[in-house]
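Please look through the charged and sulfur-bearing side chains of the model shown here. The paragraphs below go through them in turn.

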Amino acid sequence: MYGSGLKGRTRLSNIGPGSRPQSKGEQEKNLWSSLLNGVASGKKLPEKNLLVLGGNTELQREFLETLESDSSRRPQDRRRKKPPVANEFALGYTYQDVLDADHDDILARLSIYLLSESSPTFSALVKPLLTSKTIPETLVIILLDWAVPWSWARQLRDWIRFLRGIAVELDDDCKVAAEETMKEWQQRRRGAPYEGGSASTNDTSINIPLGPGEWDEPLGLPLCVACHGTEKIEALEKDHGWREEEFDFALQYLRTVLLK
């Protein structure tokens, strides 16, 4: 692969009209520059962003461990130290590499930002993360704990207010990017082919109409909720008398909020 590329680049360095002959040293320098530039560009990975909101530092670390277990890592990676998780103060950060099915090649780099407090004071830290380029590549996750499901409604309210406060302050380019992102997700929900999709000319997908209240208050960012700590469900049943009805009510509430 490199051979054909270098051959093409060598032709460009041939002597042309009005150009002086290159010395052997200059030609070798140009060859090495082209080679190194090619390798450097080949190592550039697609970047995706996760913005994890909520949970204390311990809950956030537990959640990150579920995203990448040791069994899914390459043998050579298991001997390396995991990327540090800096989430003790204000806006935290870490990253993870997304591997292919065989765990041989790195497909993308996942940058993970973590914030525990929904105070408007921290909006200035999150706003720079949302640009016209990063918005289509960003997913917001509100992290909830099964230990305290009765606090979910308040936490969702506070975090959605936090995100709305940031959204109204974005510049015009960011708002356009957010609107386009929401249109694409809405089309996916309705089953319609979207721009950049692979719909064929004989596509027979059904355009499903939106239900009452769906997408009537979009944030402009893909949003999901992660309810962490399912092992605590048993304690809710034993200590608080929760039954199937209570669990169904809590989960239906989450679905209703997310559909809006």
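**Cysteines and charged pairs**

C174 is buried, its relative accessible area being 5%, where buried means under 20%, exposed over 50% and partly exposed in between, with a 1.4 Å probe and protein chains only. C224 is in no disulfide, since the nearest cysteine sulfur, that of C227, is 9.8 Å away, and a disulfide is taken as a pair of cysteine sulfur atoms within 2.5 Å. C224 counts as partly exposed at 26% relative accessibility, and the count of disulfides comes to zero.

This is a predicted model, in which local features need pLDDT of at least 70 and side-chain atom pairs count only at pLDDT 80 or more, while totals for chains, interfaces and linings use all residues. Residues are numbered from 1 along each chain as its sequence is written, and side-chain values use heavy atoms, with hydrogens and water left out.

Seven salt bridges are counted, each a side-chain nitrogen of Lys or Arg within 4 Å of a carboxyl oxygen of Asp or Glu. Among them, K48 and E137 meet at 2.3 Å, N to O, and this pair links distant parts of the chain, with K48 in strand 1 (residues 47-53) and E137 in the loop between helix 5 (123-126) and strand 4 (138-145), 89 residues apart. Helices (H or I, at least four residues) and strands (E, at least two) are DSSP runs, numbered from the N terminus.

D97 and R109 also form a salt bridge, with their closest N and O atoms 2.4 Å apart; D97 lies in strand 2 (residues 92-99) and R109 in strand 3 (residues 106-115), so the pair ties together parts twelve residues apart in sequence.
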